[in-house]
Amino acid sequence: MGRSIRLVVVVLAVALAVSACGGKDEAPPKAAAPSPSSPLVVDDGSLAAGEKISAPKGEVVLTVTGDIGEVNKGKKLELDLASLEKMRQVRLEAAEPFLKRRVMFEGVLLSDLLTVAGVSDSASKVSLTALDDYKVDFKLADVRSSQMMLATKADGKHMPVDRSGPIRIVFPDSSSLGRNPDLWIWSVASMKVA
Amino acid sequence: MADQHLVLRRRRGPLQTALGGVLVVLILVVEVLILQAYVNVSRSTAIFGQVTFLTGNLVNVQREALLLNVKIEELPTTRDLRGAQLRRGLLGNQLRVMEGLGQGDARVADALEALDPDLQLIDRALASGKANPTRANLDRQVASMRPAIGRIIFRIKDLYDAEEQGFFGALSGTLSARNSSERLLVGLSGMVLVVGLALALSLRQRVRKDFARAYQTLTAEVEERKAAERAVRASEERFRSLVQNSSDVISIVDADGGVRYHSESVRRVLGYDPGELVDGDPLSLVHPDDRERVGRFVAEAALRPGVTAAETWRIRHRDGTWLHSETVAANLLEDPNVRGLVLNTRDVSDRKELEAQLVHQAFHDGLTGLANRTLFAERVEHALARSGKGELAVLFIDLDDFKHVNDSLGHAAGDQLLVAAARRLQGCLRPADTAARLGGDEFAVLLERVTDAEATAAVAGRVLDTLHRPFGLNGRTIPIKASLGVATGRPGTDEAEELLRNADVAMYAAKAGGKDRYELFRPDMHEDMLQRLELETELRHAADRDQLVLHYQPIVELVSGRITRVEALVRWEHPTKGLLPPPAFIPLAEEQGLIGPIGNWVLLQACLQARRWQDQFPDAPPLSVHVNLSGRQLEEQQLVGEVVQALETARLSPRLLTLEITESVLVSDIEAMSARLRELKGLGVLLAIDDFGTGYSSLSYLRRFPIDMLKIDKAFVDGIGRGREDTALAHAIIKLSHTLQLHAVAEGIEEPEQATNLVTLGCRDGQGFYFSRPLPTAAMTELLGKTLADGGFYLPVAAEPLESLSG
C-alpha cells in the first residue's frame with residue numbers, strides 16, 4: 001500500500017515540476033544585455049549648471065515651464081537641439097518597444113536637463129506634452145532613479161517627426177518604468193515642472 | 001495462526017490497484033491539459049497584448065490621418081503648410097510604429113504598402129505647396145491631396161476593422177477552445193476527485209479490515225493461549241480432584257513395596273488415615289492367604305514397565321471386615337516425577353457379591369433355592385469322577401398330578417407346593433447329598449456313598465413318606481404324592497448322562513406303574529419305556545385307523561333282569577397287542593392331549609348307537625346310554641358344545657344320555673367343575689359318579705354338584721356276603737344314595753348272591769359279568785334281539801330274589 005501512495009506522490013511531484021518548468025518556458029524572453037545598457041556619458045557638455053541659457057537660435061524643440069530657475073523667454077525656458085547638445089551627452093542602447101529592435105540613442109538625461117533648468121526643491125513632478133498632445137507625468141524621484149533620457153539622436157542620426165523626433169523619452173533596459181511602452185513619449189514638445 | 005499472518009501481509013486488492021492506475025492516468029492527463037491551457041492562455045495573452053497595442057496604434061494612426069485631413073482642408077485659409085507637414089510627420093511616425101508592431105501581420109504590411117502612393121502624393125503636394133505657396137497652387141494641391149487622404153483614412157479604417165475582427169475572431173476561437181478544454185479539465189478533475197475519493201475510501205476500508213483482522217488474530221491468539229492455560233489448569237485440577245476424590249485408593253509404593261503415598265480416599269475406602277499407613281508394612285492389611293500373591297504382584301510390576309492386569313485380593317478394613325479389592329499397578333519408576341509404582345485399588349466387594357449371586361443364580365433354582373439341572377449334572381459328574389468307596393444313587397422325583405393343583409388352585413399355590421416339597425426333600429437328606437429341582441414339578445436327589453440298594457430304597461421310601469405328610473394349602477389339606485425313579489452308579493465306571501437317564505426311566509416306570517411309588521432302575525425298563533413311546537405314537541393314529549371300538553355292558557334291574565341302560569366302554573383294537581382296555585391307554589391319551597378327540601368320538605358313537613337300537617326295537621322302551629368322561633375332558637371348554645352336537649346328530653333325547661365322571665375329578669377345581677356340571681345338567685342329561693367310594697372321603701360335593709346317580713365301586717360289591725363290615729359299607733352307601741335321592745347302581749356283580757343281597761340292601765340296579773360282559777355292538781344287538789319280550793329286554797335271572805330280605 002505504501003508503495004502505491006509513494007508512486008502517486010512521485011507522479012504528482014514530477015507533474016508539478018514539469019508544469020512549473022513549462023511556465024518558465026512560456027515567460028517572455030529577456031533581451032540580450034546591450035552595450036551600454038545603462039547611460040554612458042560620452043560628452044560632459046559645455047553647459048554648466050546655473051549657467052545662463054541663451055535664447056535658442058535654431059528651431060525650438062522643447063519649452064520648459066513651471067517651477068524652474070532658468071528661463072530665457074518670459075517664464076519659459078526654450079531649447080533648440082544645439083542647446084540640448086551642449087549639455088552632458090549620454091549614450092544608451094535600449095530595446096525600442098514599438099520597433100521591437102535595439103536602438104543606440106544619444107541625448108540628455110532628463111534629470112540633467114531639469115538640473116540645468118533649475119528645478120526648485122519643492123517641485124515633485126514633471127508633465128511632458130508631445131506634438132500630438134500626448135501627455136505623460138513623471139515623479140521627479142522616478143526621473144532621477146530611472147535614468148530616463150531625452151534622446152536627440154537614434155543610431156547616430158537626428159530624428160525627424162516621422163521618426164518619433166525630434167526628441168523623445170527613452171529608458172534603459174534596467175528601468176522598471178521603461179517596461180510600460182506608454183511612458184515612451186515621442187515628439188516631446190513641452191515640459192511643465194510642478 | 002500462520003494463515004492469518006499470511007492474510008495480513010497480503011497487500012491491496014485488485015480494486016485498489018485499478019483505482020490507483022486510473023487515478024495516475026487521470027492526473028497525468030489533467031496535468032497535460034493544464035499545461036496546454038497554460039500555453040494557450042499565455043499565447044492568447046501575448047496575442048491580446050499585441051493586438052491591443054496594434055489597434056491602439058491604429059486608433060492613433062486614424063486620429064493622425066484625420067488631423068492631417070483637417071490640416072489639409074484648412075490649408076487654403078491657414079496656409080499652414082508647416083503644420084500640415086508636422087501632421088504628416090506624426091502620421092508617418094504612427095505608421096512606422098504600426099509597422100513595427102505589426103511585424104508578421106500580412107494585413108498590416110499590405111495596408112502600409114497600399115498607403116504608400118497616397119502618402120508620397122501628399123508629400124509631393126505639400127512640397128509643391130511650399131515651393132509655390134500661391135493660393136491657386138495651394139487649392140490645386142489640396143484638391144489633389146483630398147482623395148489621397150480620403151483613401152488613407154478609408155484604408156486605415158479598413159485595416160482597423162479587419163484587425164479588430166481578426167482579433168475578436170481569434171479571441172473567441174481561443175476562448176471557445178479554452179472553454180471546451182476547460183470543460184474537459186473540470187470533468188477530469190471531477191473524475192480525479194471521485195476516483196481519488198473512491199481509492200481513499202477503499203484503502204480506508206481495507207486498512208480497517210486489515211486492522212480488524214489483525215486485531216482478531218491477536219485476540220484469537222490471546223484467547224487460544226488463555227484457553228490452553230485454562231485447559232492445563234483444569235487438567236491439573238481434574239487430576240488432583242480425581243486422585244483425591246476418586247473412589248479408588250491411589251498409592252505410590254517403592255520397588256521394594258514400601259508405601260510412600262496413599263490418596264485421601266483411603267480414609268473412605270479402608271477407614272485409615274493416609275498418614276498412618278505411609279511407611280508401614282502394606283502387607284499387614286492384606287489377608288494372610290493373599291500376601292504371597294500380593295508380594296509377587298508388586299515384584300512383577302516393578303520389573304516390567306507399563307500397566308499390569310487387574311488382580312483381586314482381600315484387604316482388612318479398619319473395622320476388621322475384609323474387603324475384596326481390585327488393584328492395577330502402573331510402573332512409573334522411570335518417571336522422574338513419581339519414581340515408584342502407582343497402585344490403583346478399588347473396593348469390589350459389591351461386585352464380588354454380585355458375582356457370587358450370579359453364580360448362585362446360574363446354578364440354583366430361583367424358587368426353591370435347590371441346585372438346578374446344570375449344577376446337579378455337574379455334581380453327579382463330579383461324584384462319578386471321584387474315586388471313592390461305595391456307589392452313588394440318583395433319585396428322580398416327579399410330583400403326581402401337580403398340574404391339577406396348579407390349574408385349579410393357581411400358580412401361587414403351585415409354587416407354595418413346590419417350595420414345601422423342596423424343603424421336605426432337603427429335610428430327609430444327609431448334608432453331603434444334593435437335592436435339585438430340574439424344572440417344573442421334577443426334582444432330583446444325588447446320594448453319595450450309598451452302601452447298597454436297600455439303603456437307597458430306604459431313602460426313596462423315606463422321601464415318599466415325607467412328601468405324603470399332609471400339606472395345608474389355601475385352607476385345604478393336600479397330600480403330596482410323587483413317582484420316584486432310582487438309579488445307582490459306580491464311580492469310575494458309569495457315565496453321568498446314563499445315570500440320569502436311567503433314573504428318569506425308572507421314574508417313568510413308577511408313574512406308568514400307578515404313581516405314588518418308587519421304582520429301582522432295571523435294564524428292561526428301557527424296553528418298557530420304548531414300548532410305551534411306541535404305544536404313544538400308535539395311539540395318535542388309533543382313531544384315524546378305526547382301531548377304536550365301543551363295547552357295551554348292560555345295566556339291569558336286579559329283580560327282573562330287564563336291561564334298562566347300557567354303558568359304552570371304549571376298546572383299542574391294537575394290531576399286535578390285541579384288544580386293550582381303557583386303563584392301558586386312557587392315561588396315556590390324557591398325557592398326550594389326545595383325550596379330547598377320543599372322548600368326542602366315543603360320545604358321538606354311543607349316542608348314534610343308542611339311536612339305532614331305538615329304531616331297531618321300536619316296541620321296547622328306549623335304552624339309556626352311559627358314557628365315561630375323563631377329568632381332562634371336563635376341563636375342556638368345548639365339551640358342552642360337543643354333547644349338544646352328539647345329541648342333535650343322533651336325535652337322542654338328553655334324558656337317555658348319562659355322563660359318568662370319577663370322584664377324583666371333582667376335587668380339583670370345585671368352582672369351575674361345579675359350573676361345568678350345571679351347564680351339562682342344563683342340557684337335560686344325567687350325571688353319574690363312577691367308582692363311588694374309592695376317592696376322597698369328603699362327601700360334601702355330593703350336595704354341591706347336581707348328581708343323579710352313584711355307581712358303587714366293585715370293591716364294595718365284592719365284599720357283600722363275605723363279612724359283616726363290607727356288607728355294612730355297601731349298605732351305608734346305598735342308604736346314603738336314598739337319603740340324597742340318588743339313583744344307585746352297583747358295579748362288578750359276578751355272583752347271583754351278590755345281586756340278591758344288593759336287592760335286599762335296597763339297590764335296584766346293577767351291572768357285571770353275572771349279567772353280561774361288555775359286548776361288541778353286534779353281539780349286544782343280538783342279545784337285545786334275543787331278550788326282547790313283553791315290551792322289554794329281559795335277561796334270564798338265575799336266582800329269585802330273597803323275598804325275605806326285601807321288605
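1. In this predicted model, strand β1 of chain B is joined to strand β2 (residues 259–262) of chain B by 3 bridges, and the two strands run antiparallel. Within this pairing, B:Ser251 has B:His262 of β2(B) as its bridge partner. The two strands form a hairpin with 5 residues between them. In the turn, B:Gly257 has a positive phi of about 100°.

2. Strand β1(B) also pairs with strand β6 (residues 340–347) of chain B, in the antiparallel sense and over 5 bridges. Here B:Ile252 has B:Val342 of β6(B) as its bridge partner. Strand β1 spans residues 249–253 of chain B, and 4 of its 5 residues are buried, so the strand is largely enclosed by the rest of the structure.

3. A further point concerns an open sheet in chain B. Its 5 strands follow the order β8-β9-β7-β12-β13, with mixed pairing. Strands β8 (434–439) and β13 (517–520) of chain B lie at the edges, each pairing on one side only. From one strand to the next, the twist averages 20°. Helix α14 (residues 496–512) of chain B packs on this sheet and touches β7, β12 and β13 of chain B. The direction of helix α14 makes about 145° with that of β12(B).

4. Inside that sheet, strand β7 (residues 391–399) of chain B and strand β12 (residues 482–489) of chain B run antiparallel and are joined by 8 bridges. B:Ile397 stands opposite B:Leu484 in β12(B).

5. In soluble globular proteins, nonpolar side chains tend to be buried together. The largest nonpolar core in the model has 72 residues. The residues with the most contacts inside this core are B:Ala606, B:Cys607, B:Ala610, B:Val625, B:Val627, B:Leu657 and B:Ile712. Helix α17 (residues 595–616) of chain B supplies the largest share of the core, 8 residues. Leaving aside neighbours within four places in sequence, B:Ala610 is in contact with B:Leu623, B:Val625, B:Ala650, B:Leu652 and B:Leu656. Apart from this core lies another, of 49 residues, among them B:Leu370, B:Ile397, B:Leu464 and B:Leu520.

6. B:Leu548 is found in strand β14 (residues 548–557) of chain B. With 18 other C-beta atoms within 10 Å, B:Leu548 is partly exposed, because a residue counts as buried at 20 or more such atoms and as exposed at 12 or fewer. Not counting residues up to four places away in sequence, B:Leu548 touches B:Ala542, B:Ala543, B:Val570, B:Trp572, B:Ile598 and B:Trp601. The C-alpha atoms of B:Leu548 and B:Val570 are separated by 6.8 Å, although the two residues are 22 residues apart along the chain.

7. The chain totals complete the note. Chain A has 4 helices and 11 strands, and buried residues make up 32% of its 194 residues. Chain B has 26 helices and 25 strands, and buried residues make up 31% of its 807 residues. In chain A, 64% of the contacts between residues at least 6 apart in sequence join residues at least 24 apart. In chain B, residues 24 or more positions apart account for 64% of the contacts with a separation of 6 or more.

Terms used. Residues are numbered from 1 along each chain as its sequence is written. Chains are lettered from A and ligands numbered from 1 in the order in which they are written. This is a predicted model: local features need pLDDT of at least 70, side-chain atom pairs count only at pLDDT 80 or more; totals for chains, interfaces and linings use all residues. Two residues are in contact if their C-beta atoms, placed from the backbone, lie within 7 Å. Two strands pair if DSSP finds at least two bridges between them. Axes are lines fitted to C-alpha atoms, for helices over the stretch in contact, and angles run from 0 to 180 degrees between N-to-C directions. A nonpolar core is a set of buried Ala, Val, Leu, Ile, Met, Phe, Trp, Tyr and Cys residues joined through C-beta atoms within 7 Å.
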